[in-house]
Amino acid sequence: MPAHRRGVVFQLYLRIAGYGFRRHSTYRAAALAGAFTNTIFGVLRAYVLIALWEARPGLGGYDVADAVTFCFLTQAFIGPMQVFGGTLQLAQRVRSGDVAIDLMRPASLQLWTMADDMGRAAYLFLVRSVPPTLVGAALFGITVPDSPWHWSAFGVSFVMGVLVSFGWRYLVALSTCWINDDRGVNALSVILTGFFSGMVLPLNLFPGWLGAFANAAPWAAMVQVPADVYLGTREVWGALAFQGAWAAVLLGLGAFATAGARRKVVIQGG
Amino acid sequence: MIELEGVGRSFTVRRRTGRLLRREKAVVHAVRDLSFSVAPGEFVGYLGPNGAGKSTTIKMMTGILTPTEGRLRVAGLDPSRRRTVLARRIGVVFGQRTTLWWDLPLRDSFELVRHLYKVDRNTFRQRLDELTELLELTSFLHTPVRQLSLGQRMRGDIAAALLHAPPVLVLDEPTIGLDVVSKAALRAFLSELNAERGTTVLLTTHDLGDVERLCNRVMVIDQGRLSFDGTVEDLRATAPDESSIEDVVARLYTGGGTAAAEPAQQLGSSVAQ
């Protein structure tokens, strides 16, 4: 593809991301309620984790400050990474048959959905990630990366986390093409994501083979890995490579599934 | 502009049988051996009872569904192979679905269409002004789509489908749910579009007023096959003793007319093992 056409295509998806951002900004009350809930639960979790680390100092290689920071960081990931299950609208569009319209457009269904979701994540980052973290910092004090390099490594890792989350949720949403209903898969996804991402408990507390599995599975790339990059408890290039690999695998599977969906497409209704 | 030659589309469905966990495969023919061609500038009504295969035909014409048999060309292209190129030459509107961004002002959806179809800024502005005037969009161009009435949303959807000036427009029940005034306005617009720009239009509808006022040709599909093709006058002539067009079409649908010789067999049960 010539460079100028690539530019035009990029502009299209950038615009879609912008629309995704603005679309979500119309649900301001929902976002604020989410931010409030994230903050309150952050405080509760912080007390639990403080109690745990005071009883078992140095557990999992974290000290108390690390644990509290981990707590508020992961609270901040809930919105952008949709840790507690956020279905893509795509699933509903497959169910209703509206996806017919999406498939007709001269654009990639996957990139379109991804751009929209990145816009959503950007909005939720501002509304549901930043304020709870600031509250946590004010109440308990959290550690902060010590250099611009460290900050930017975290920035990249955060975006990668959102990409992996999208890659996973896109597959969940597209499964609707084959099983007609995404509720079961979605419930499973919520459990898997919540537990294996490190949201419920840091993955470095998981014992033996369970820990090995959790640290190798894609969900770790959404929460545990970016949190470790922030805390400086994981080697940056290894962390980014891990996230990049899972993003590539999930997005690749997504592209494959999209092609399959196009072939099999039984568009429901009318 | 549109050519179908022996086009068929069947779906394999799995049905539960009486015995536990046993499933059998069944083939459902949504469309079979469909042949017709539409010349540039024609305004064709595409009728048929629910489940006759109208939407399946449209999905094949737009390239999102590949026919299992036959050959099909739209605007000189094989739709399923050249879907994205074809998308730039065809406009599609589904009366029961929308391409507009629900939470954003109507104007934003149009702006995205400009990027999607790579329409240059000046041409876009000119077309949008024209469509805004013809479809009377001015008063709600900056209103979020979710706040629009059905008639307004429909006009918005039609504008969105025409901003890239496609030579072919396919409308799937565009007047569904519209009040008489909105309907009349929409019909006037479509008629003008066809007469002045020479846009080829294929329209599916259950509103026979649309057909009488707009279409110079009518095709009826039933059980996946073409059962009638001719002018509105020809259509009336199939049942000269019926006074209203509704009754004429009803007879055609229920197999009372001369055209439908096959035993009545609904799609859902036309299952071949």
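This is a predicted model: local features need pLDDT of at least 70, side-chain atom pairs count only at pLDDT 80 or more; totals for chains, interfaces and linings use all residues.
**Entry 1: strands of chain B**

Strand 1 (residues 2–16) and strand 2 (residues 23–38) of chain B are antiparallel, with twelve bridges between them. Strand 1 of chain B also runs antiparallel to strand 4 (residues 69–74) of chain B, and five bridges join those two. On that side I noted B:Glu5 opposite B:Arg71 of strand 4.

**Entry 2: where the chains meet**

Next I turned to the interface. I have 32 residues of chain A in contact with 29 residues of chain B. The two chains bury about 2,800 Å² between them, and 62% of that is on carbon and sulfur atoms. In chain A, the residues that lose the most area to chain B are A:Tyr19, A:Met104 and A:Pro106, together 27% of what that side buries.

**Entry 3: polar links and helices**

How many salt bridges are there between chain A and chain B? I count two. One that I looked up joins the side chains of A:Arg22 and B:Asp108, at 2.5 Å from N to O.

Helix 1 (3–25), helix 4 (89–96), helix 5 (99–104) and helix 6 (109–140) of chain A each supply at least two residues of the side that touches chain B. Helix 1 of chain A gives the largest share, ten residues. By class, I find 15 nonpolar, eight polar and nine charged residues on that side of chain A.

Key: Residues are numbered from 1 along each chain as its sequence is written. Chains are lettered from A and ligands numbered from 1 in the order in which they are written. Side-chain values use heavy atoms; hydrogens and water are left out. Contact means heavy atoms within 4.5 Å. Buried area is the accessible area (1.4 Å probe) that two parts lose on being put together, summed over both. A salt bridge is a side-chain nitrogen of Lys or Arg within 4 Å of a carboxyl oxygen of Asp or Glu. Helices (H or I, at least four residues) and strands (E, at least two) are DSSP runs, numbered from the N terminus. Ala, Val, Leu, Ile, Met, Phe, Trp, Tyr, Cys and Pro count as nonpolar, Asp, Glu, Lys and Arg as charged, and the others, Gly among them, as polar. Two strands pair if DSSP finds at least two bridges between them.
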